[in-house]
Amino acid sequence: MSTLSIPATLHEDRGGPGQPLLTVRDLSKGFSVKGGLFGRGAGRVRAVDRVSFDVLKGETLGVVGESGCGKSTTARVLMGLLDGDAGEILFDGEGVGSRALPLRAYRRQVQMVFQDSYSSLNPRLTVEASIAFGPGVHGVPKREAIARARSLLARVGLEPARFADRYPHELSGGQRQRVNIARALALEPRLVILDEAVSALDKSVEAQVLNLLLDLKEEFGLTYVFISHDLNVVRFISDRVMVMYLGQVAEIGETEALFERPRHPYTAALLSSMPSLDPDARTMEAPLAGDPPSPIDPPPGCRFHTRCTFAEEVCSAREPALFEMSAKHRAACLMLPPGSGHSRAPATPEAAHV
Amino acid sequence: MSDALVEVRDLKVTFMGGARPVRAVDGVDLTLARGEVMALIGESGSGKSVTLRQLMRLNPERKTHVEGSIRVAGEDVMGLSSARLTHYRGAEAAMIFQEPLLALDPVYTVGAQITEAIRRHERVSKADARARALALFERVRIPSPERRLDAYPHEMSGGMRQRAMIALALACRPKLLLADEPTTALDATVQIQILLLLRELQRDLGLSIVFVTHDLGAAVEVADRIAVMYAGRIVEEGTARDLIRTPRHPYTIGLLKSRAHGALSKGSRLEAIPGSPPDLANLPPGCAFAPRCPLAADACRAAAPPALDVGPGHRARCIRTEDAAGLLMTQAA
């Protein structure tokens with residue numbers, strides 16, 4: 001496969017395999033909302049509120065949560081489509097936007113695939129031109145960019161001779177999403193953010209695209225941030241999963257540990273909300289009542305306490321920090337740290353780590 | 001008469017608007033007993049929503065060519081006069097949609113919309129209609145219903161709006177509820193609440209429900225029977241248990257096997273169905289699934305297979321159902 005004439009140093013692994021590819025520290029992003037007739041009484045949506053996490057090299061981090069939990073806003077800030085209000089993003093140890101890693105160099109290494117395959121392609125460009133556009137902007141000679149586009153098309157399962165000259169409206173949803181994936185890969189990124197990238201696809205096509213994503217990850221040594229509301233799909237594709245609720249991280253851990261033994265009551269409720277697919281064991285009771293509250297005025301203390309079956313007085317007074325149950329599994333719930341004041345919290349630090 | 005509430009026979013719906021006529025529904029037979037919940041599942045373009053809309057005669061009549069018969073409670077729906085149709089929509093059959101924000105009128109309160117619907121159909125006073133609207137809100141478990149009746153649709157959360165739309169649909173005590181992907185746009189924790197609500201309403205009010213979805217999981221949660229559609233035809237139909245445990249059509253089997261489910265070992269691949277859904281304007285002469293089917297033989301490509309009984313109340317449109325059972329076996333291995 002031909003390599004682009006992008007300066008090789010930019011793509012080199014700098015910090016070694018042990019250093020996270022992406023480090024996010026205390027990231028916040030808010031939006032002001034208009035209220036009242038003349039835009040007065042305005043509030044502020046704290047869409048992402050002091051969120052910290054790492055994305056390790058070569059892993060897939062799944063991000064789940066309901067509408068308003070801030071998962072898409074987080075993705076857009078990571079991608080540089082929105083500016084964060086506060087916090088820090090490090091890419092392979094370098095601050096994004098610093099002299100060592102200017103924004104332009106960062107953007108080349110981080111690409112995104114969106115849910116709506118149609119609106120994320122220019123309707124007036126052929127598929128081939130769309131894929132070659134990004135490299136062109138970054139100074140790759142046209143002929144080389146086109147050759148690269150065609151080889152990527154072949155790689156995502158679209159025969160270049162048949163598909164290169166087509167326009168987006170001439171493709172099916174699954175085919176368009178393959179084009180979007182090829183386009184994201186055209187700049188040889190190291191991190192690909194997939195924001196509900198398979199959610200709009202038919203089930204029979206979704207499986208094909210998930211398999212393709214796994215193949216591409218192996219072949220190009222990619223790292224994924226995979227955002228989805230479909231827990232089955234997230235479990236299948238992710239090495240680790242981060243659960244968000246109203247702009248904060250509720251729980252983060254290795255996929256199987258988190259699915260087998262969720263430690264945050266919200267994670268547990270989310271998991272048991274999944275339809276069972278067993279006609280003899282239908283869900284008898286909804287795990288949670290009501291809708292997620294609005295992120296405009298999030299509840300004080302633990303944001304989940306308004307819907308939590310275990311909520312006690314302390315939950316509305318104290319905001320839980322992420323508590324480390326083991327090196328790889330953390331959750332923000334007052335039932336976990338010893339001495340938190342919640343009656344279910346363990347008495348001793350030793351008891352907290354089982 | 002039988003106790004069937006809905007009887008659809010050889011329904012064919014063809015859209016004439018485009019450059020070429022598109023047959024979206026191609027010979028659908030459906031029988032729904034009173035108090036039964038049937039899920040129609042399928043991918044986009046499979047004809048599930050078009051079938052549902054035709055039960056309400058919502059497809060644009062001038063651009064649609066419809067053949068076959070639809071009887072609901074013994075009445076010929078296709079032959080209804082416009083006055084009878086107005087009565088039928090609401091009092092006999094009612095529909096709920098995926099996006100309540102689009103289905104509800106943004107400039108009237110939800111309570112006003114429900115009382116209006118009631119008073120269009122029955123001679124009752126405003127106060128009585130409002131009392132019924134309030135009872136409906138309680139019925140669909142909207143918290144502080146009195147206050148919520150005076151809310152506009154945009155003031156409600158997604159789950160609440162869906163409950164309000166269900167209340168509106170039930171306003172004139174229909175026997176048949178048609179649900180077009182009513183939980184698809186909802187969050188997971190809200191979706192299960194609405195599915196349970198539909199189940200409860202069905203049980204308490206003796207409703208018959210046709211529930212259209214692309215989500216097998218949601219279908220299993222609410223439906224007694226499931227019909228799987230592909231390219232305008234029902235390719236397999238049976239009880240939810242039959243469909244999940246002993247599917248006989250290669251497409252149903254493929255759908256079940258391609259699902260990401262449970263703890264699959266890391267790095268494994270899903271057993272995807274190859275190819276893409278067919279172009280309705282350009283269907284192959286035989287079985288529409290043949291180009292993607294691992295069992296397709298020459299006979300499959302020659303003529304569309306008839307619906308064959310594979311068990312009591314369990315039918316599949318496939319001539320190779322015995323071999324298809326073998327496809328399922330490889331799943332366990």
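Predicted model: local features only at pLDDT ≥ 70, side-chain atom pairs only at ≥ 80, totals over all residues.
**Entry 1**

I started with the strands of chain A. Four of them make an open sheet in the order S2-S1-S4-S5, and the pairing is antiparallel. I then asked which strands stand at the edges. They are S2 (43-55) and S5 (94-95) of chain A; each has a single partner strand, so one side of each is left without a neighbour in the sheet. I looked up the pairing of S1 (residues 22-33) of chain A with S2(A), and found nine antiparallel bridges. For a landmark on screen, I picked A:Val24, whose bridge partner in S2(A) is A:Phe53.

**Entry 2: the sheet in chain B**

Next I turned to chain B. Here I found an open sheet of four strands, ordered S2-S1-S4-S5 and paired antiparallel. S2 and S5 (75-76) of chain B are the edge strands, and since each has a single partner strand, one side of each is left without a neighbour in the sheet. S4 (residues 64-72) of chain B runs antiparallel to S5(B), and two bridges join them. In that pair I noted B:Arg71 opposite B:Asp76 of S5(B).

**Entry 3: a hairpin further along chain B**

I also looked at S11 (residues 308-311) and S12 (residues 314-316) of chain B, which pair in the antiparallel sense over three bridges. B:Asp309 stands opposite B:Arg315 in S12(B). Two residues lie between the strands of this hairpin, and B:Gly313 takes a positive phi near 65°.

**Entry 4: the two domains of chain B**

The domain assignment gives chain B a domain 1 (4-229) and a domain 2 (246-260 + 271-332). Their centres, taken over C-alpha atoms, are 30 Å apart. How many residues are in contact between them? I read 13 residues from domain 1 of chain B and 10 residues from domain 2 of chain B. Together the two domains bury about 980 Å², with 55% of that on carbon and sulfur atoms. I looked for salt bridges between these domains and the count is zero, while two residue pairs are in polar contact. On the domain 1 side, S2 (22-33), H9 (216-222) and S9 (225-230) of chain B each supply at least two residues. S2(B) gives the largest share of that side, with four residues. By type, the residues of the domain 1 side divide into six nonpolar, three polar and four charged.

**Entry 5: where chain B meets chain A**

Last, I went to the interface of the chains. I found 47 residues of chain B in contact with 41 residues of chain A. The buried area is about 3,700 Å², of which carbon and sulfur atoms give 51%. Which three residues supply more than any other three of the area that chain B buries here? They are B:Thr189, B:Lys266 and B:Arg269, with 17% of it. B:Arg269 also turned up in a salt bridge, its side chain meeting that of A:Glu218 (3.3 Å, N to O). Across the interface I counted five salt bridges and 25 residue pairs in polar contact. The elements that give two or more residues to the chain B side are H7 (158-169), H8 (188-205), H9, H10 (240-245) and H11 (250-258) of chain B. H8(B) has the largest share of that side, eight residues.

Notes
Residues numbered from 1 in each chain as written. Chains lettered and ligands numbered in written order. Heavy atoms only, no water. Pairing = 2+ DSSP bridges. Domains from an automatic or database assignment. Contact = heavy atoms within 4.5 Å. Buried area = accessible area lost by both parts, 1.4 Å probe. Salt bridge = Lys/Arg side-chain N within 4 Å of Asp/Glu carboxyl O. Polar contact = N/O pair within 3.5 Å; in protein donor to acceptor, adjacent residues only side chain to side chain. Nonpolar A, V, L, I, M, F, W, Y, C, P; charged D, E, K, R; others polar.
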